[in-house]
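Hi,

Here is the structure I said I would pass on.

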There are 2 protein chains.
Amino acid sequence: MQRKPRADAQRNRERILEVAKEAFARHGANASLDEIARQVGVGPGTLYRHFPTRAELLQAVYRAELEKLAAAGQKFSQTMAPTDALRAWLFLFVDTIAAKQLIAPALNTLLGDPKKVFEASYAKMHQAIRALVKRSVESGDIRGDLDPMDLLRALIGVSNVASAPDWQASARRLVDILIIGSRPVG
Amino acid sequence: MQRKPRADAQRNRERILEVAKEAFARHGANASLDEIARQVGVGPGTLYRHFPTRAELLQAVYRAELEKLAAAGQKFSQTMAPTDALRAWLFLFVDTIAAKQLIAPALNTLLGDPKKVFEASYAKMHQAIRALVKRSVESGDIRGDLDPMDLLRALIGVSNVASAPDWQASARRLVDILIIGSRPVG
DNA sequence: CATGGTTGCGGAGACACTCTCCGTTTTATG
DNA sequence: CATAAAACGGAGAGTGTCTCCGCAACCATG
């Protein structure tokens, strides 16, 4: 028999996510976890029970955003020409980083660490970009010999938080550079 | 009147750089500075006197490597066709990160933080890539509307330490993708 | 409601890292 | 040597991480 989950635990979990998102956006991926707990009004123990490691908290904070992104990929796949869909999705990726204050270093951790390969968000992002690239490969617009994730990694490199104020424009130009450069030779 | 600099200070400075390079390669850019001092056999105070901040130490550690890279850029510029030179230099960049265990996050700090724009190493790298791209623009191989540094940032994104074991191959493919994709339209 | 079993809370505290201050030691020079 | 300048070292204050466990809050049940 399953007992109903405690209401206070649920409340705390949500409050932690809110405050953490704010803190990560303001202070970067190394924001103090004890400080987040203090702002929420709970003890450090509570925070660490819900999210045993910094990585898990970061991931929980951005999971919704990432899954929305992955879902958008599916929709683009079904409603647009292959390479248009890919291009649109990469643009959306850039916009999401900019608008939702997704912090690039955090994403880097998520996309870069092989230990997290089987992690839910990673898997969905991976599947999204792979499906988009696959369609473009089949339609003959893109070579088949590249790791789709590299396109995202390249964008993340440019989306570094600390970079110049016009990084978003740079990133959008880079999207086209990557797509044009990925055409089959000949 | 100038006094001859003390021999022990010089020795310590060099030992710190050696040990720090090792420590950064092994533990990443957040390696403990006190631990580095301990391994060198000096007090923390000594380390912090020579290198007041982590960034300055990182930079001192990699300055020689970066300046070598920048110098190679000049040589390529003078001895090769424009776009061959650019390509060769980007390859060398990737190889240097791989071989010398230059850590990508550290470079990211160096290239990403606008506060360091006037820093010596940054300036030299910036000048190198700018000169190479400029020649390719003039020869008609590359568009003029992109920030040369973005090419490096994109490579760094892929060169993330934690990424897959074949990142080097990915990075080399990415070099060509970036160059092909940077051709003028039409 | 009252009660009891369970779940979750909170914060004290051990440990690690950062960075500074200043008494002591080492060095270069006359 | 003697002396002043330069550099050293490590104690220690401040901050962050993470754990442990006594205690409080909560959900089910009669």
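**Contacts with DNA strand D**

In the side chain of Arg3(B), an N or O atom sits 3.2 Å from a sugar or linking oxygen of DNA strand D. Before you go on, keep in mind that this is a predicted model.

The side chain of Tyr48(A) has an N or O atom 3.4 Å from a phosphate oxygen of DNA strand D. With Gly45(B) the backbone is involved: one of its N or O atoms is 3.4 Å from a base oxygen of DNA strand D.

Zooming out, DNA strand D is surrounded by 27 residues. The closest are Arg3(A) and Arg54(A) from chain A, plus Arg6(B), Asn12(B) and Arg49(B) from chain B. Sorted by class, that surface comes to 10 charged, 9 nonpolar and 8 polar residues.

Which part of DNA strand D do the atoms within 4 Å of the protein belong to? Sugar or phosphate accounts for 63% of them, and bases for the rest.

As for the helices, chain A brings H1 (7–27), H2 (33–40) and H3 (44–50), and chain B brings H1 (7–27) and H3 (44–50); each of these supplies at least two residues of the surface near DNA strand D. H3(B) gives the most, with 5 residues.

**Where chain B meets chain A**

Now for the protein–protein side. Here 24 residues of chain B are in contact with 24 residues of chain A. An interface's size is often quoted as the accessible area lost when the parts come together. For chain B and chain A, the buried area is about 2200 Å², and carbon and sulfur atoms give 60% of that. On the chain B side, the residues that lose the most area to chain A are Arg153(B), Arg173(B) and Ile177(B), together 23% of what that side buries.

How many salt bridges does the rule find across this interface? The count is 0 between chain B and chain A.

Three helices of chain B, namely H6 (104–112), H8 (148–158) and H9 (167–181), each supply at least two residues of the side that touches chain A. The largest share comes from H9(B), with 7 residues. By class, this side of chain B has 9 nonpolar, 8 polar and 7 charged residues.

Over to you!

How values were computed:
Residues are numbered from 1 along each chain as its sequence is written. Chains are lettered from A and ligands numbered from 1 in the order in which they are written. This is a predicted model: local features need pLDDT of at least 70, side-chain atom pairs count only at pLDDT 80 or more; totals for chains, interfaces and linings use all residues. Side-chain values use heavy atoms; hydrogens and water are left out. Contact means heavy atoms within 4.5 Å. Buried area is the accessible area (1.4 Å probe) that two parts lose on being put together, summed over both. A salt bridge is a side-chain nitrogen of Lys or Arg within 4 Å of a carboxyl oxygen of Asp or Glu. Helices (H or I, at least four residues) and strands (E, at least two) are DSSP runs, numbered from the N terminus. Ala, Val, Leu, Ile, Met, Phe, Trp, Tyr, Cys and Pro count as nonpolar, Asp, Glu, Lys and Arg as charged, and the others, Gly among them, as polar. A residue is near a molecule or strand if one of its heavy atoms lies within 4 Å of it. A polar contact is a pair of N or O atoms within 3.5 Å; within protein, one must be able to donate a hydrogen and the other to accept it, and residues adjacent in sequence count only if both atoms are side-chain atoms.
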